[in-house]
Structure formats: structure tokens, C-alpha cells
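Let's take a friendly walk through a protein fold. Please have the model open as you read.

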Amino acid sequence: MTEILADVVDEGRRLASLSADAGLPLRLVGGVAIRLRAADDIPAQFVRDYGDLDWVAGRGTTANVQSFFKSAGYSPQTRFNALNGKERLMFYDDAHGRQVDVFVGSFRMSHVIPVDDRLAVDPVTLPLAELLLTKLQVVQLNEKDVTDALTLVHCFPVGDSDGPCINGARIAALCAADWGLWRTFTANLEKCRERLPDYDLSSDAKAEAAERLGDILDRIEREPRSRRWRLRAKIGERKRWYELPEEVKGGPE
């Protein structure tokens, strides 16, 4: 295998290619994943620096994932992996000072996003719907999260299925099953809509992005709620509905 590449986006491509050759269900998530999906369609104002690489892997692949990253030149965080390997693994690129996180079976940060049955949708990254969900499920939203979310709604339409569009039906279904996720995700969609005028886009591009954000919100509101959702809604914000980032030791770049 070639050496670890200095450019983190190029390194993401390298690892995605190697994992495909190995038949390992490993998919990129986070800012690098969004950058790769947007490709040449990304406006300059949405391009940012990316720190670490974040991945998701299928349940039951922990041993293979550890072998893969070791052979790709990464150092395992041995104690962390021994304690958390069923849900999360961590590796280091010592030469470039970068961390690699691998979420196993589901993405868990402020909320839990199931991904195990979604790894076959795209050969390199999580589907667009999950990329947006993982960015906007964090309670303490930051600038890079807003930028990445707006990149997605700028570059891709909203639809009812996967492919070259954001699967609004998938997002609505997950939000209708989990009141906490609904509460955080819809609030963050509104924050993105509020921040949209701050970006140097044409009036048409801003209007289109705002329309797509509104479309996702409308789909969520129209989706029938589960019994679990309705019961949790009665408690509302009297009980904390999210995990704190420090409790889950970070999140996607």
C-alpha cells in the first residue's frame, strides 16, 4: 500500500479505494465525505480546511477494520479500541498528526443515526441523507457544520429516494421515530436557513437552498409520528434529549 497522503481529501480517496479492493464496508462521513460528493460543484465559499477523517463500518467488522487501518499505515489507539470496539474505533496518522474515527454499525454523537443497512447505497460515502443527518444532529452546532450542511443543500436536490439527491423520505422517517433527533435536527435546519444570507451566493442560489431546507422541514412535519415519538414529546425539554459531545468523545470533522 502507498504511504499516507498529506492532503486529507486525497487520503480519504486512497482509503476508500483500498477498502473497496479489500471488500470492506467502510464509508466516509463528515466534511471530507461532503467535499468528495460535491466535487467540482462546490462554491469557493464552501471550501474549508478539513482536519481528521471519519468513517462508518458495518457491524461485526471490527477485527477487519483494525487490520485494514494497520496495513494502511495507521496506529491503533489500543486501549480505546479494546473498550469501545463494538461501537467505535480510533486510529492515528502519526506523520501528519491526524486522527481517524470509525463508527461501527451506527453513528452516535448527540443522537444515534442507524447506518448498518445503508452502507451499500454509495461505494465511497454514507448516503447524502445521512451525511446531512450526521452534520445536523449535534446540539452545539458550529460554523463548519453549517457550512457543510449548506454545501449539501446547495449541490443536491431533495427527493424521495437515494442517488444524486438528498433522500427526504429517509430523514423524515428517522425524525418521526425519535423525538430527540427531531428536536435537534429541525432546530438546526432553521439555524442553517437563518445563516444562509451570510454566504456570498447569488440570489437564485440562496433561494434554491432555502427552498430545499424548507422542503426537508415540510417532509418531516408531514411524516406520521411513532408512538414512541409522541410519548417522548409529552416530556419535552424537561428531560435532556441528547448526549453531550464530551460524553461521546468528539464527532465528525
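The model is predicted, with local features needing pLDDT of at least 70 and side-chain atom pairs pLDDT 80 or more, while totals for chains, interfaces and linings use all residues. Residues are numbered from 1 along each chain as its sequence is written, and side-chain values use heavy atoms, leaving out hydrogens and water.

Let's begin with the open sheet, where five strands run in the order β1-β2-β5-β4-β3 with mixed pairing (strands are DSSP E runs of at least two residues, helices H or I runs of at least four, numbered from the N terminus; pairing takes at least two DSSP bridges). β1 and β3 each have a single partner strand, so one side of each lacks a neighbour in the sheet.

| Element | Residues |
|---|---|
| Strand β1 | residues 26–29 |
| Strand β2 | residues 53–57 |
| Strand β3 | residues 75–76 |
| Strand β5 | residues 98–104 |

β2 and β5 pair in the parallel sense over five bridges, and Ala57 has Val104 in β5 as its bridge partner.

Now for the core: the largest nonpolar core has 77 residues, and Trp55, Phe69, Val102, Ile171 and Phe185 touch the most other members. Such a core joins buried Ala, Val, Leu, Ile, Met, Phe, Trp, Tyr and Cys through side-chain atoms within 4.5 Å, buried being under 20% relative accessible area with a 1.4 Å probe, protein chains only.

Finally, the axes of α6 (residues 143–155) and α9 (residues 203–222) come within 9 Å and cross at roughly 100° (axes are lines fitted to C-alpha atoms over the stretch in contact, with angles from 0 to 180 degrees between N-to-C directions). α6 is therefore roughly perpendicular to α9, a label for 65 to 115 degrees.

Methods: Buried means under 20% relative accessible area, exposed over 50%, partly exposed in between (1.4 Å probe, protein chains only). Angles under 35 degrees count as roughly parallel, over 145 as roughly antiparallel, 65 to 115 as roughly perpendicular and the rest as oblique.
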